[in-house]
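Subject: Handing over a structure

Dear colleague,

I am passing on the structure below, together with some notes on what was found in it. Please read them with the structure open beside you.

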Amino acid sequence: MKQNKISDKEVYDYLANHEVKGSVQRIAVMRYLLEHHTHPTVDEIFTELHEDIPTLSKTTVYNTLKLLVEQGAAMMLTIDDKNAHYDAVKESHAHFFCYNCGKIIDIYNPEGIGDYEHKLPDGYKVQGIQLYYTGLCPKCASKTKN
Ligand SMILES: [Zn+2]
Ligand SMILES: [Zn+2]
């Protein structure tokens, strides 16, 4: 595996900011999400990390992700009804999901997403936003043209 770009301390601090105690497994999972903006599934994360941490189980990956989501350190994307995908939450952003190949890309809007908040009746407290578009990526769109 290639050298990691994010230091242990950075990952540890990121977790601490979300009140998550850093363990070897949690740091590994969080680091993976921070370094790969590919919206991996539990299986993908497990397959990648298992090489380096043979003691890691799929259940641990699943439970770690669940904790990270609960603490607001990661989010679970439910765009794909076959698999849950995970993402680190650094900046809020929207997603585009290609229903043909399953690719998910980030869409950043400097003006922020979820400007529907002020349309909510009084008393509602927003704690999470999921905004996504679905359709075809350029590759799949060109294939289906003819
Ligand atoms: Zn596609
Ligand atoms: Zn994303």
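**Two loop residues**

Glu19 sits in the loop that links α1 and α2. Before going further, please keep in mind that this is a predicted model, and that every value in these notes was computed from it. The phi angle of Glu19 is near 55°, which is a positive value in a residue other than glycine. Glu19 counts as exposed, because 9 C-beta neighbours lie inside 10 Å and a residue with 12 or fewer is placed in that class.

His39 belongs to the loop between α2 and α3, and its phi is likewise a positive value in a residue other than glycine, near 55°. Is His39 buried or exposed? His39 is buried, because 24 other C-beta atoms are found within 10 Å, and 20 or more are needed for that description.

**The whole chain**

The secondary structure of the protein amounts to five helices and five strands, and along the sequence these follow the pattern α-α-α-α-β-β-β-β-β-α. The C-alpha trace spans about 50 × 45 × 25 Å along its principal axes. Of the 146 residues in the protein, 19% are buried. When contacts between residues at least 6 apart in sequence are considered, 47% of them join residues at least 24 apart.

The domain assignment divides the protein into domain 1 (1–89) and domain 2 (91–146). The centres of domain 1 and domain 2, taken over C-alpha atoms, are 21 Å apart. Six residues from domain 1 and eight residues from domain 2 take part in the contact, and the side of domain 1 that touches domain 2 is made up of two nonpolar, three polar and one charged residues.

**How the helices pack**

Two packed helices are described by the angle between their axes and the distance between the axes, so the pairs below are each given in those terms.

The axes of helix α1 (residues 8–17) and helix α2 come within 10 Å and cross at roughly 100°, which makes α1 roughly perpendicular to α2. On the α1 side the contact involves Asp8, Val11, Tyr12, Tyr14 and Leu15, which meet Arg26, Ile27, Met30, Arg31 and Leu34 in α2. By class, this contact of α1 with α2 has seven nonpolar, no polar and three charged residues.

Helix α2 (residues 24–35) also packs with α3, their axes coming within 11 Å and crossing at roughly 115°, and α2 and α3 are therefore roughly perpendicular to each other. The crossing in which α2 passes α3 is right-handed. Ala28, Val29 and Tyr32 of α2 meet Ile45, Glu48 and Leu49 of α3, and the residues of this contact divide into five nonpolar, no polar and one charged.

Helix α3 (residues 42–50) and helix α4 (residues 58–70) pack at an angle of about 120°, and their axes are 9 Å apart. That angle makes α3 oblique to α4, and α3 passes α4 in a right-handed crossing. In α3 the residues Val42, Ile45 and Phe46 meet Lys58, Val61, Tyr62 and Leu65 in α4; six of the residues in this contact are nonpolar, none is polar and one is charged.

**Two residues in the strands**

Phe97 lies in strand β3 (residues 94–98), and Phe97 counts as buried because 20 C-beta neighbours lie inside 10 Å. Leaving out residues up to four places away in sequence, Phe97 touches Ile79, Asp80, Ile104, Tyr132 and Thr134.

Thr134 is exposed, with 12 other C-beta atoms within 10 Å. Apart from neighbours within four places in sequence, Thr134 is in contact with Ile79, Phe97 and Tyr99. Thr134 and Leu56, by contrast, are 34 Å apart in space from C-alpha to C-alpha and 78 residues apart in sequence.

Notes:
Residues are numbered from 1 along each chain as its sequence is written. Chains are lettered from A and ligands numbered from 1 in the order in which they are written. This is a predicted model: local features need pLDDT of at least 70, side-chain atom pairs count only at pLDDT 80 or more; totals for chains, interfaces and linings use all residues. Domain bounds come from an automatic or database domain assignment. Two residues are in contact if their C-beta atoms, placed from the backbone, lie within 7 Å. Ala, Val, Leu, Ile, Met, Phe, Trp, Tyr, Cys and Pro count as nonpolar, Asp, Glu, Lys and Arg as charged, and the others, Gly among them, as polar. Axes are lines fitted to C-alpha atoms, for helices over the stretch in contact, and angles run from 0 to 180 degrees between N-to-C directions. Helices (H or I, at least four residues) and strands (E, at least two) are DSSP runs, numbered from the N terminus. Angles under 35 degrees count as roughly parallel, over 145 as roughly antiparallel, 65 to 115 as roughly perpendicular and the rest as oblique. A crossing is left-handed if the near helix is turned anticlockwise from the far one by less than a right angle, and right-handed if clockwise.
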